[in-house]
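Thanks for making the time this morning. I would like to walk through one model and its contacts, and please hold the longer discussion until the end.

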Amino acid sequence: MAEIRVEKLHKAFGEFVAVRESDFTVADGEFFVMLGPSGCGKTTTLRMIAGLELPTSGRILLGGEDVTFNRAAARDIAFVFQLFALYPHMNVRQNIGFPLKCEGMPRAEIRARVEETARFLRIDHLLSQPTSRLAGGDRQRVALGRAIVRRPKAFLMDEPLGTLDTEFRDLMVRELRELHMRIAATTVYVTHDQLEAMSMADKIAVMNRGDIEQFGTPQEIYDRPATMFVADFIGSPPMNFLAFRGSVEPGAASVGINGAIVDIPAPREARPEGDLALGVRPEHVRFDDGSKLRGTVFGTEYLGTTQIVTVTTAHGTVKARLPADIRAEAGETVGLSLRSERLTLFDGGSGRAIRTAQNEGTHHG
Amino acid sequence: MSKTTAHSVVAPTPTARRVSGAIVILYALITMIPLAWIVMTSFKTPPDSIAYPPKVLFEPSLEGYCNLFTTRSRQTPEYLESLPAPEPGCDAIVRSRNMVIAGPSNVIPRFTNSIIIAFGSTFLAVFLGTITAYAFSRFKVPFADDILFFILSTRFMPPIAVAIPIFLMYRAIGLSDTHLGMILLYTAVNVSLAVWLLKGFIDEIPREYEEAAMIDGYSRLHAFVKVVLPQAATGIAATAIFCLIFAWNEYAFAVLLTSGTAQTMPPFIPFIIGEGGQDWPAVAAATTLFLIPIFVFTILLRKHLLRGITFGAVRK
Ligand SMILES: Nc1ncnc2c1ncn2[C@@H]1O[C@H](COP(=O)(O)OP(=O)(O)OP(=O)(O)O)[C@@H](O)[C@H]1O
Ligand SMILES: [Mg+2]
């Protein structure tokens, strides 16, 4: 097992920059998730770490050793592909044993290791089956088996659950997490599913168009988004943004949104008059008849214990997560109060969060 | 109440199925008639083979095969009388036509030539085609599209259009009537087809397979052999059949460039002459035997073709 360190990693395909000056470190034994929308460069980053793609510039260190230009075969990394890439002309046993065969391990030992791995993943009853007849989850386990059988320095997984249906996915998320707890292998996991990322990761890097927008623990990413992109990408429904014009003084206690005074965490930096956005998670919005921040209920979405109420305001649409017993009729005018200490201020132009008492120490990518 | 019968939207109705089945069988029968006629002719006697009206029922004879494998000379009745009684088989058949066997014919060397040249060139074309197709499929080849088009363009005209230059060239460099010359020629003609066919097949194999193998410690060559080749087997088999059929049946170049040492069956067969003209049963016998290897080869590979190695382990 080893630490993975990526320094100023850059990849351009001709004019197009797929990964821009990426920097991050995955500590030994950490479960690291790269999260981002389609085409943001997750796979490209992973392929560079694996040695399947050469970076345009930058360095990759594996356990302290510079492997940037090493061949994939020389890196001692295991890769689980999105499509699993199980060899169709081999059965389960041969698939799992394939990496060991390459090392020239004696047959008997391969047999023992494959069986041990299969038991570990609870697929020992499938060993002599052809891979084409396996169900999605079992295929996934075989692919994992092929990865762990070799006990490599690190695991790279590219949307390994992407093709499974939701039910299986939840199960596999739990299994993967459990597997990680048992073997504590350094893992880089790529997904565009925020729930998967939040539930599995020790650390998350949120990527957007080749940039890492934020790097941190799931809680940090959720509570203290570094950019509007991150705030919007994480959470369902995502963070609400109230757009307004104004300025920010260090230490100020509130901002004025069209006459409504909203308390905010004390800013640590100044912003001249300009476009700002106030970010608030749906669960931090309450109905408050006394509030000057008013809007019209547009609709509700019942979720059992809670409901999502959509309110149209002069500053944008706000979704509030409220207890299911609160009555909200469409067309009704309501006042909204926001939970001050959980608010994030964004610069409307750059989309970056303004430093406040609430989000100090957040890492940008 | 209107009566409705449930039937699938996509599956053909039983009537359609029966009609199409009948058409296929009819077509098969029609195409089989010449083949069947050739096989029948090979078992006729020369007079039966040219009888008019044609004989469908006849007494089978091995005379065609005997004549194919031997050269014979006509003898005077006195000389024949003086010989010991013929051994049953070809000896007896030939004797009954007042002839004796003078020696073996050229059919076995010609057949051997056909096998060497057709299989040799097929192997070469498929081998070169596979590695070329792999390179075009997986690597960034500069001007790949232009090169591929150029490769295809070699098939735009019938190969025989360049027969005269090739004839002169081969004579000049001493490749005329050699096995090597014919193998190279057929390989050159087939390789473009092989590249194009195989590129399609290899493009279909997800790169992830080799990449997985390379991450697992295999070199690219090793991954190619262990992972790509088995999955391209279907395509390789299909390509091999096409190449073999061309090289096996090729006539024009063979007539032009071979006369002795390297002569293949196609130019040999039409010149099997019997007494007083074409020896049709012997020609038919040669043709029948000539059909067998390619028939066997196709049957052998057919299993492979039909097995249809599935790409099922990769979900799209
Ligand atoms: N070989 C290549 N040549 C040119 N462009 C490429 C190449 N590989 C990837 N790209 C581009 O780089 C961008 C990032 O691709 P990448 O596969 O890393 O995205 P991703 O984040 O994995 O997305 P997804 O969630 O769709 O898998 C994409 O816009 C893609 O079109
Ligand atoms: Mg991807």
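Let me begin with a question: how far from an oxygen atom of ligand 1 does a polar side-chain atom of A:Ser38 lie? The distance in this predicted model is 2.5 Å, which falls under our heading of polar contact, a pair of N or O atoms within 3.5 Å, where within protein one must be able to donate a hydrogen and the other to accept it, and residues adjacent in sequence count only if both atoms are side-chain atoms.

Before going on, a word on conventions: residues are numbered from 1 along each chain as its sequence is written, while chains are lettered from A and ligands numbered from 1 in the order in which they are written. Because the model is predicted, local features need pLDDT of at least 70 and side-chain atom pairs count only at pLDDT 80 or more, whereas totals for chains, interfaces and linings use all residues, and side-chain values use heavy atoms, with hydrogens and water left out.

Staying with ligand 1, the residues around it, meaning those with a heavy atom within 4 Å, include A:Phe13, A:Phe16, A:Lys42 and A:Thr43. A backbone N or O atom of A:Gly41 lies 3.0 Å from an oxygen atom of the ligand, and an N or O atom in the side chain of A:Glu159 is 3.1 Å from a ligand oxygen.

Turning to the division of chain A, an automatic or database assignment gives domain 1 (4–223) and domain 2 (228–364), whose C-alpha centres lie 37 Å apart. Between them these domains bury about 1400 Å², 58% of it on carbon and sulfur atoms, where buried area is the accessible area (1.4 Å probe) that two parts lose on being put together, summed over both. On the domain 1 side, A:Gln194, A:Tyr222 and A:Asp223 supply 43% of the buried area, more than any other three residues. The rule finds 1 salt bridge across this interface, that is, a side-chain nitrogen of Lys or Arg within 4 Å of a carboxyl oxygen of Asp or Glu, and A:Arg342 and A:Asp223 meet in such a bridge at 3.1 Å, N to O.

Finally, the chains: contact, meaning heavy atoms within 4.5 Å, takes 20 residues from chain B and 29 residues from chain A. The area buried there is about 2300 Å², of which carbon and sulfur atoms give 62%. Between the two chains the count is 3 salt bridges, and B:Glu211 and A:Arg47 meet in a salt bridge at 2.7 Å, N to O.
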